[in-house]
Amino acid sequence: MSKKTGLPLGIDVGGSGIKGAPVDLDKGAFAAKRKRIDTPAKSTPEAVADVIDQIVDHFDDVRGDSPIGITVPGVVTKGVVRSAANIDKSWLDFDAEPMLEKKLGHDIVLVNDADAAGVAELHYGAAKGQDGLVIVTTLGTGIGSALIHNGVLIPNSELGHLEIDGFDAEKRAASSIKDIEGISYAEWAERLQRYYSHLENLLWPDLFVVGGGVSKDHDQFLPLLDLRTKIVPAVLENKAGIIGAAHLAQEYHDSL
């Protein structure tokens, strides 16, 4: 593939691993095998940037001059990371986009990880063709959220940090908490019931989409929920962040 027609790259920075792949945006699928490297134990911006650089180099033969989209687990406004619930606190209020562009020698688009997952589900997954308000949640180390209204992303919703019964919601209902406390799917579903009921009473969505790695086991907990809102598993599972990041990067590139 020529340098001018290289594929966009999506890179998803998570609490345990940093993953990337070139993406075929016509299909909404990886165009090559994903590359994963463990997230550094001290996940400072500089340490994470070093890992991202390794992933970009790994795919240099197919990337060419196409855009690069990068997710982080935090609020992102104009390239500045504004929260750091599940990443090193040195990211707080850090102007990350210029640093990453300098490190990679390439323009990038930096986006919240759940927003990227939501965009992927909108264009290629469970939210495709859905009118009204869709709330995409990612259940993992924390709870990420993406709000999509009539096909338009409303960024940085951070609904995993709602206070419910005196707790930050993700401290009770994230899938990591299920594993840490060793509770059953039935016990966890009671917490999810409280969380999703609260969301639907606040926002009256037309659809919930549930993503994150645990969504592959959706048959063990989604049927236990009693909601007025339709709730479905994500189609793209853990691929959504990478695919959404690549899509947003290409969209931004095309708008220039």
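Reader: Hi! At what angle do helix H4 and helix H8 pack, and how far apart are their axes?

Author: Hello! This is a predicted model, and in it H4 (residues 113-124) and H8 (residues 240-255) pack at an angle of about 85°, with their axes 7 Å apart. Angles of 65 to 115 degrees count as roughly perpendicular, so H4 and H8 are roughly perpendicular to each other.

Reader: Which residues make the contact?

Author: On the H4 side they include Ala 116, Val 119 and Tyr 124. On the H8 side, Gly 241, Ile 243 and Leu 248 are among them. The residues of this contact divide into nine nonpolar, four polar and one charged.

Reader: Okay, switching to rings. How many aromatic pairs are there?

Author: The count comes to six aromatic pairs. One of them joins Trp 91 and Phe 94 edge-to-face, at 6.3 Å centre to centre and with 85° between the planes.

Reader: Is Trp 91 buried or exposed?

Author: Trp 91 has a relative accessible area of 1%, so Trp 91 is buried. Phe 94 has a relative accessible area of 21%, which means that Phe 94 is partly exposed.

Reader: And why is the pair of Tyr 196 and Phe 208 edge-to-face?

Author: Their planes are at 65°, so the pair is edge-to-face, and the ring centres are 5.1 Å apart. Planes count as edge-to-face when they are over 60 degrees apart. Tyr 196 is in helix H7 (residues 185-203) and Phe 208 is in strand S15 (residues 207-211), so this pair links distant parts of the chain. Tyr 196 and Phe 208 are both buried.

Reader: Which residues do ring pairs link into a cluster?

Author: That cluster is formed by Tyr 185, Trp 188 and Phe 221.

Reader: What about charges? Which ring does the charged end of Arg 172 sit over?

Author: It is the ring of Phe 167, with the charged end of Arg 172 at 5.1 Å from the ring centre. Arg 228 also lies over a ring: the face of Trp 204, at 3.6 Å from the ring centre.

Reader: One more! Where is Thr 229 found?

Author: Thr 229 is in the loop between S15 and strand S16 (230-233). With a relative accessible area of 7%, Thr 229 is buried.

Reader: What does Thr 229 touch?

Author: Leaving aside residues up to four places away in sequence, Thr 229 touches Glu 200, Pro 205, Asp 206, Leu 207 and Phe 208. Going from Thr 229 to Tyr 196, the two are 33 residues apart in sequence and 9.1 Å apart in space, C-alpha to C-alpha.

Terms used:
Residues numbered from 1 in each chain as written. Predicted model: local features only at pLDDT ≥ 70, side-chain atom pairs only at ≥ 80, totals over all residues. Heavy atoms only, no water. Axes fitted to C-alpha atoms, helices over the stretch in contact; angles between N-to-C directions. Helix = DSSP H or I, 4+ residues; strand = E, 2+ residues; numbered from the N terminus. Parallel < 35°, antiparallel > 145°, perpendicular 65-115°, else oblique. Contact = heavy atoms within 4.5 Å. Nonpolar A, V, L, I, M, F, W, Y, C, P; charged D, E, K, R; others polar. Phe/Tyr/Trp six-rings, centres within 6.5 Å; stacked < 30°, edge-to-face > 60°. Buried < 20%, exposed > 50% of the residue type's maximum accessible area, 1.4 Å probe, protein only. Lys NZ or Arg CZ within 6 Å of the ring centre and 35° of its normal.
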